[in-house]
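Dear colleague,

Here is the structure I promised to pass on to you. My notes on its strands and backbone follow below it.

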Amino acid sequence: MIGNATFRHHNTALLAVSSVEAPVVVKSSDFDTRLAPSLKRLRLSKRLLERVAGVEERRWWAEGTSFDDAAIEAGAKALAESGIEASQVGLLINTSVTRRNLEPSVAVKVHNGLGLPSSAMNFDVANACLGFVNGMTLAANMIDSGQIKYALIVAGEDAQATQETTFKRLNAETSTRDDYLREFATLTLGSGAAAAVIGPADMHPAGHRILGGVSRAGTQHHELCVGGPDGMFTDTKGLLDNGLKLVTDAWHEAHGDGWDWRAMDRYVTHQVSNSYTNAIIKAVNLVRSKVPMTFPKWGNVGPASLPMTLAQESQTLSTGDRVLCMGVGSGLNTTMMEIQW
């Protein structure tokens, strides 16, 4: 059966959303220098990352800082901004794609690092770049049901190790133009961290109401983008074409199901590249000035991209503003979530 999954939340509010920028700025021109041997041999032009993807730079963590350390920092920052004590948190969800081992979960280190109580459930939710919004939906359902009062959702991403491996592979004498194109998306990735605190709206009238949204699956396309520690391999055109159709189908069905997102004050999208952003703006007729773009400076920070962008935009949002969070994740899946500021 084809269609959207619709969710509506009745008593959940976003109390704080925060981000932590990795401190080491790495320009796309630096990547061109690292890849100069293969670019010359394969007769590929420089500045493709800037001209095609629109990514001018991305960030890496300083030596000695790990992605889960950054997730802990982002979580502590969000708790401080929300005014909620660690002892009040009933749920922690880590949504990072990055991980150093299969078990235990990344969440356990974050839980321990933040000094959360033993009563706070903690686990990972992995769904590519949609993980953070999925985590917010799960937590909102638990708050609405009365099972918990406060939840903390975090994500910490580290692109450096995967990119270093990609440099070695692409600079090998056996690499081809097709290899470069399949791994091009890996070079757009960036490092960063984000966290959000959500809780019951009736106890926090100044909070930002999470109203709900829709999700839609297109899992027949699960092989279009496959990533792992050794790299990310993407059918760029297939991902764009099928991801765009998934978004537009979900958008139009949502409007037939009682949602109206044609005149939002801000559209906070998952940050990928120029082509993806421009295609979505055109396909559903968004006002470009209402679509903030952070990928030129941060790159694609996986599931942390959307909340990092939302944290940036929160400085200019006013009470009553309507915000639509929109994302597509490898797999393919799409989710749209409305927040009333």
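**Backbone notes**

Leu 332 is found in the loop between E13 and E14, where helices (H or I, at least four residues) and strands (E, at least two) are DSSP runs, numbered from the N terminus. This is a predicted model, in which local features need pLDDT of at least 70 and side-chain atom pairs count only at pLDDT 80 or more, while totals for chains, interfaces and linings use all residues. Residues are numbered from 1 along each chain as its sequence is written, and side-chain values use heavy atoms, with hydrogens and water left out.

The peptide bond between Gly 331 and Leu 332 is cis, with omega about -15 degrees, and Gly 331 takes a positive phi near 150 degrees in the hairpin of E13 and E14, which has three residues between the strands. Strand E13 (residues 322–329) runs antiparallel to E14 and is joined to it by eight bridges (two strands pair if DSSP finds at least two bridges between them), with Met 326 opposite Met 336 in E14. Strand E9 (residues 208–217) also pairs with E14 in the antiparallel sense over eight bridges, and there Gly 213 has Met 337 as its bridge partner. Seven of the eight residues of E14 (residues 333–340) are buried, so this strand is largely enclosed by the rest of the structure; buried means under 20% relative accessible area, exposed over 50% and partly exposed in between, with a 1.4 Å probe and protein chains only.

Another cis peptide bond runs from Glu 103 to Pro 104, with omega near 0 degrees, and Pro 104 is found in the loop between strand E5 (89–94) and helix H5 (106–114).

Best wishes
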